[in-house]
Amino acid sequence: MTPTRRPNLFIFGTLIVLLVVLIVFAPSVGWRLRALLTPSDVAPGTVASGVNASGAAALLTENDALKAQLAELQGIAAALPTSTQGFVRAMVYSRYPFGFKNELFVNAGSADGVATGSAVEYQGMLVGRVIDVWTHDATVETVFDQRFRLPVRIGSSGIDGLLTGGSYPYVASITPGTTVPTGSVIVSAAQGIPYGLPIGVVQATSTSPDRLFQQATISFPYNINGIETVLIVTH
Amino acid sequence: MNYRLIAGFLVVLLALLVQFSLGAAGVTVDLVLAALVVLAFFFEWPQLAVFVLFAAFILNAEPWVSPAILLFSAIPFAAYAFRLFFTLTPWAGIPVAIFLGSVLFYSIMAPYMFMSALPLIALDIGGSLVFGELAFAMLRAAER
């Protein structure tokens with residue numbers, strides 16, 4: 001393709017300078033434009049049809065949180081440490097723009113008590129953990145990131161597994177022969193993360209590709225793209 | 001009225017819109033990169049720079065300029081150089097440039113995905129190639 005028109009260097013030079021200034025000094029304007037271009041509805045399949053989407057999502061989230069509490073009371077409550085952590089509420093101002101990461105950028109940082117490794121919750125569910133902290137900002141790696149790994153326990157019997165992140169997160173390394181009921185709640189069981197935070201519920205189980213373990217797909221009662229505020233655990 | 005410029009802007013806007021919509025539905029494809037690579041075959045560098053910076057302005061997620069955005073911005077200019085040095089017809093040059101640009105982007109920013117999520121990369125590149133041909137057709141139509 002041979003371009004035929006000679007560009008007006010003054011006009012395009014001015015536009016280039018203006019855009020560079022905006023990128024460096026006013027990125028929030030870009031985030032607002034991006035929010036306008038991004039649909040804010042809940043992804044299909046995350047809530048029951050025929051009911052108010054946001055209300056149903058909230059009920060499902062609450063339901064999973066209650067299941068997690070029940071699981072704790074039935075089998076693992078005795079192992080719960082006395083929790084002394086606090087929380088800081090943070091606004092999600094942007095998301096990683098490319099497909100190979102699933103990260104949220106939030107407006108709380110070290111000045112607010114946020115530290116690397118802090119658990120990040122949305123409506124009582126663990127959605128990720130802090131991986132980078134600045135004075136007033138932090139980066140959250142969500143459970144939908146390819147690199148996310150977290151030891152978890154499943155259901156009231158506390159079956160061990162490894163949460164493996166990605167577009168479709170799953171629990172890997174479940175001992176073969178173990179019965180993992182569909183609908184069992186998956187909770188955190190990792191160092192540095194409060195014990196027993198609900199993550200999702202078991203959707204289906206299968207044998208791992210190497211046939212050495214079982215794995216379980218997860219159903220999440222929220223849409224990660226619809227999250228606007230989170231709670232970050234402070235130590 | 002320069003219809004080609006308007007078409008170029010619409011291609012970038014369409015890529016952003018489709019990429020964000022698919023992203024909200026859980027499908028991750030980087031169509032904007034493909035759109036900018038196509039534009040590199042139609043425009044001179046000052047116009048291309050405006051399109052690239054506009055896309056970077058919308059996509060930049062952090063309060064600073066991230067390495068990913070810098071690389072993302074450099075790839076369309078590499079495609080521009082590719083166009084100048086290799087005299088391939090656009091029908092052949094655009095898919096080759098999109099493929100090479102996407103592979104380069106993943107290789108530098110997320111090499112682990114070649115091991116753990118090859119189907120996702122294939123989906124991304126496949127979607128980018130399809131969108132690239134669509135953008136090419138739009139720009140060709142605007143030239144007439």
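This is a predicted model: local features need pLDDT of at least 70, side-chain atom pairs count only at pLDDT 80 or more; totals for chains, interfaces and linings use all residues.

Phe25(A) belongs to a nonpolar patch on the surface, together with Val17(A), Val20(A), Val21(A), Val24(A), Val65(B) and Leu70(B). The accessible area of these residues together is about 630 Å². Helix α1 of chain A, which covers residues 9-25, gives the most to the patch, with 5 residues. The patch includes residues of chain A and of chain B, and the contact of the two chains may therefore be taken next, with contact meaning heavy atoms within 4.5 Å.

The chain that carries this helix has 3 helices and 12 strands. Chain A contains 235 residues, of which buried residues make up 46%. It exposes about 11600 Å², and carbon and sulfur atoms supply 57% of that area. Among the contacts in chain A with a separation of 6 or more, 55% are accounted for by residues 24 or more positions apart.

Turning to the interface, chain A contributes 41 residues to the contact and chain B contributes 51 residues. Between them the two chains bury about 4100 Å², with 72% of it on carbon and sulfur atoms. On the side of chain B that touches chain A, the elements that give two or more residues are α1 (3-24), α3 (45-59), α4 (67-85), α5 (90-109), α6 (113-116) and α7 (118-143) of chain B. The largest share of that side comes from α3(B), with 11 residues. As for polar links, the rule finds 7 residue pairs in polar contact across the interface, both residues at pLDDT 80 or more.

In one of them, the side chains of Glu103(A) and Arg147(A) meet at 2.7 Å, N to O. Glu103(A) lies in strand β2 (residues 103-106) of chain A and Arg147(A) in the loop between β5 (138-142) and β6 (149-154), so the pair ties together parts that are 44 residues apart in sequence. Glu103(A) is buried, with a relative accessible area of 6%, whereas Arg147(A) is partly exposed, at 29%.

A salt bridge also joins Glu141(A) and Arg129(A), whose closest N and O atoms are 3.9 Å apart. This pair links distant parts of the chain, with Glu141(A) in strand β5 of chain A and Arg129(A) in strand β4 (residues 125-133), 12 residues apart. Glu141(A) counts as buried, at 6% relative accessibility. A network of salt bridges links Glu103(A), Arg129(A), Glu141(A), Asp145(A) and Arg147(A).

In chain B, Arg83(B) forms a salt bridge with Glu44(B), the closest N and O atoms being 3.3 Å apart. Here too the pair links distant parts of the chain, since Arg83(B) is in helix α4 of chain B and Glu44(B) is in the loop between α2 (31-39) and α3, 39 residues apart. Arg83(B) is buried, with a relative accessible area of 11%.

Terms used. Residues are numbered from 1 along each chain as its sequence is written. Chains are lettered from A and ligands numbered from 1 in the order in which they are written. Side-chain values use heavy atoms; hydrogens and water are left out. Helices (H or I, at least four residues) and strands (E, at least two) are DSSP runs, numbered from the N terminus. Buried means under 20% relative accessible area, exposed over 50%, partly exposed in between (1.4 Å probe, protein chains only). Accessible areas come from the Shrake-Rupley method with a 1.4 Å probe; for residues, only the protein chains shown count as cover. Patches are made of residues with over 30% relative accessible area and no salt bridge: like charges are joined within 9 Å, nonpolar side chains (Val, Leu, Ile, Met, Phe, Trp, Tyr) within 5 Å. A salt bridge is a side-chain nitrogen of Lys or Arg within 4 Å of a carboxyl oxygen of Asp or Glu. Buried area is the accessible area (1.4 Å probe) that two parts lose on being put together, summed over both. A polar contact is a pair of N or O atoms within 3.5 Å; within protein, one must be able to donate a hydrogen and the other to accept it, and residues adjacent in sequence count only if both atoms are side-chain atoms.
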